[in-house]
Amino acid sequence: MNEQELKDALLKKRDEIQGGGGIKPLQVSMENNTRQGDMADQASGNNEVHIQLKLKQTDAKILQAIEEALRRIEKGTYGVCRDCGEEIAPARLNAIPWTRVCITCKEKQSS
Ligand SMILES: [Zn+2]
């Protein structure tokens with residue numbers, strides 16, 4: 001993948017997250033406005049809000065990683081592991097273009 005394609009992929013993913021975040025809260029507020037729900041409906045509505053908050057936190061992390069990846073492309077340090085300084089495998093970058101660390105360091109983190 002060349003630099004421009006990489007930027008496009010990252011920007012597209014960023015738009016996806018930001019665009020998706022704009023639609024979901026609208027649906028929630030419309031459901032709340034129907035005012036037909038009994039207690040059970042209200043409870044399930046609350047669960048949905050919690051799930052969406054969780055999703056939002058994940059999205060926020062990815063957004064931050066995307067911004068960092070874009071900055072690294074500008075600096076010419078993209079594709080280098082933040083922790084060990086080794087080059088990240090192209091297959092991993094293809095799968096997760098905003099990743100900061102190589103697979104070895106990632107596995108160390110999660111264990
Ligand atoms: Zn590493």
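Is Tyr 78 buried or exposed? Keep in mind that what we have here is a predicted model. Tyr 78 has a relative accessible area of 18%. The cut-off for buried is under 20%, so Tyr 78 counts as buried.

Now, where does this residue sit?

Next, its surroundings. Setting aside neighbours within four places in sequence, Tyr 78 is in contact with Leu 6, Ala 69, Arg 72, Ile 73, Leu 93 and Pro 97. With Pro 97 there is also a polar pair to point out: a polar atom of the Tyr 78 side chain is 2.4 Å from the backbone oxygen of Pro 97. Then there is Glu 3. In sequence, Glu 3 and Tyr 78 are 75 residues apart, yet their C-alpha atoms are 9.3 Å apart in space.

Let me move to the metal. Which protein atoms are the donors of the zinc ion? They are the SG atoms of Cys 81, Cys 84, Cys 102 and Cys 105, lying 2.3 Å from the zinc ion. Written as a pattern along the chain, the spacing of these donors is C-x2-C-x17-C-x2-C.

Why is the arrangement called tetrahedral? Because the 4 donor atoms subtend angles of 104 to 116° around the zinc ion, and the rule for four donors asks that all angles lie between 85 and 135 degrees.

Cys 102 has a relative accessible area of 7%, so it is buried. Cys 105 is at 6% relative accessibility and therefore counts as buried too.

Methods:
Residues numbered from 1 in each chain as written. Predicted model: local features only at pLDDT ≥ 70, side-chain atom pairs only at ≥ 80, totals over all residues. Heavy atoms only, no water. Buried < 20%, exposed > 50% of the residue type's maximum accessible area, 1.4 Å probe, protein only. Contact = heavy atoms within 4.5 Å. Polar contact = N/O pair within 3.5 Å; in protein donor to acceptor, adjacent residues only side chain to side chain. Donors = N, O, S within 2.8 Å, 3.2 Å for Na, K, Ca; no water. Tetrahedral: all angles 85-135°; square planar, octahedral: opposite > 155°, others 65-115°.
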